[in-house]
Amino acid sequence: MSEPADALALAARAGLPPEFLYLREAFPRPRWAGAGLDPVARHWLAMHAGFRSQQAGMADLVVRWRSGGIEIRDLHGAMIPALQQILQHLDAHHRIESGHYFPAMQRIEPRIEAGVALLDRDHDAIHAHIEALVTTGRAFHQAVTTGGAEADDRLRRLADALDRARPELARHLDDEEDIVIPLIALRGDPLAI
Ligand SMILES: [Fe+2]
Ligand SMILES: [Fe+2]
């Protein structure tokens, strides 16, 4: 029997349930690094690596600011372009996945339909984080550019929003890879079938 839906919510789960991992069992992670990996799967992993690296870069800025290692104006100059970039890329990436790849994957691999539906629901949860980051990022940017005394407080709110988003996005990227990469490796590019 499958777990109740809330146990599988992005904020609650620690990984995918066993019934969604049969593709990874057939094509385990150690094989993903091979040169023969399908180019679409390789591109997917590269996109996710980019998100992880952008997130780590922003987290590092926050750590440095909290320890007094960087001035707020310097942080602002590095943070805002990084934030804009990751939010735009994430939004576009999710649109392609939810709008094109996920339905095609459910069609060519019906056994994983519920797993892909879970990944699709994750996007809604992440979208709420994206909206919070847009709002808090904009407020921080306005406070710094107008020289407002509230810049510290605005940055604190943005940093908290980043802290909340980070583990959920990391969970989603890992879980999505566990379904998508072996599926593409074993069945081919879903959009070409
Ligand atoms: Fe995704
Ligand atoms: Fe993705």
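**Exercise 1. Determine whether Glu 97 and Glu 176 are buried or exposed in this predicted model, and state which helices hold them.**

Solution. 
Step 1. A residue counts as buried when its relative accessible area is under 20%. By this criterion, both Glu 97 and Glu 176 are buried.
Step 2. In the chain as a whole, buried residues account for 42% of the 193 residues.
Step 3. Glu 97 is one of the residues that coordinate the two iron ions, ligand 1 and ligand 2, which are 3.3 Å apart. The pair connects distant parts of the chain: Glu 97 belongs to helix H3 (residues 72-108) and Glu 176 to helix H5 (residues 151-187), 79 residues apart.

**Exercise 2. Identify the protein donors of the iron ion (ligand 1) and classify the geometry of its site.**

Solution. 
Step 1. The angles among the four donor atoms run from 83 to 173°. A tetrahedral site would need all angles to lie between 85 and 135 degrees. The site of the iron ion (ligand 1) is classed as irregular.

**Exercise 3. Carry out the analysis for the iron ion (ligand 2), and explain why its arrangement is irregular.**

Solution. 
Step 1. The iron ion (ligand 2) is coordinated by His 48 (NE2), His 93 (NE2), Glu 97 (OE) and Glu 176 (OE), at 2.0 to 2.2 Å.
Step 2. The spacing of these donors along the chain is H-x44-H-x3-E-x78-E.
Step 3. The arrangement is irregular because the four donor atoms subtend angles of 73 to 147°.
Step 4. Glu 97 forms a bridge between the iron ion (ligand 2) and the iron ion (ligand 1).

**Exercise 4. Describe how helix H5 packs against H2 and against H4.**

Solution. 
Step 1. Two packed helices are described by the angle between their axes and by the distance between those axes.
Step 2. For helix H2 (residues 39-66) and H5, the angle is about 160° and the axes are 10 Å apart. H2 is therefore roughly antiparallel to H5, since angles over 145 degrees are placed in that class. The crossing of H2 with H5 is left-handed. The contact of these two helices comprises 18 nonpolar, two polar and 10 charged residues.
Step 3. For helix H4 (residues 113-145) and H5, the axes come within 9 Å and cross at roughly 160°. H4 and H5 are therefore roughly antiparallel to each other. Their crossing is left-handed. The residues of the contact of H4 with H5 divide into 17 nonpolar, six polar and seven charged.

**Exercise 5. Summarise the secondary structure and the overall dimensions of the chain.**

Solution. 
Step 1. The chain contains five helices and zero strands.
Step 2. Read from the N terminus, the order of the elements is α-α-α-α-α.
Step 3. Along the principal axes, the C-alpha atoms of the chain fill a box of roughly 55 × 40 × 30 Å.

Definitions and conventions:
Residues are numbered from 1 along each chain as its sequence is written. Chains are lettered from A and ligands numbered from 1 in the order in which they are written. This is a predicted model: local features need pLDDT of at least 70, side-chain atom pairs count only at pLDDT 80 or more; totals for chains, interfaces and linings use all residues. Side-chain values use heavy atoms; hydrogens and water are left out. Donors are N, O and S atoms within 2.8 Å of the metal (3.2 Å for Na, K and Ca); water is not among the atoms, so sites may look incomplete. Four donors count as tetrahedral if all angles lie between 85 and 135 degrees; four count as square planar and six as octahedral if opposite donors are over 155 degrees apart and all others between 65 and 115; anything else is irregular. Helices (H or I, at least four residues) and strands (E, at least two) are DSSP runs, numbered from the N terminus. Buried means under 20% relative accessible area, exposed over 50%, partly exposed in between (1.4 Å probe, protein chains only). Axes are lines fitted to C-alpha atoms, for helices over the stretch in contact, and angles run from 0 to 180 degrees between N-to-C directions. Angles under 35 degrees count as roughly parallel, over 145 as roughly antiparallel, 65 to 115 as roughly perpendicular and the rest as oblique. A crossing is left-handed if the near helix is turned anticlockwise from the far one by less than a right angle, and right-handed if clockwise. Ala, Val, Leu, Ile, Met, Phe, Trp, Tyr, Cys and Pro count as nonpolar, Asp, Glu, Lys and Arg as charged, and the others, Gly among them, as polar.
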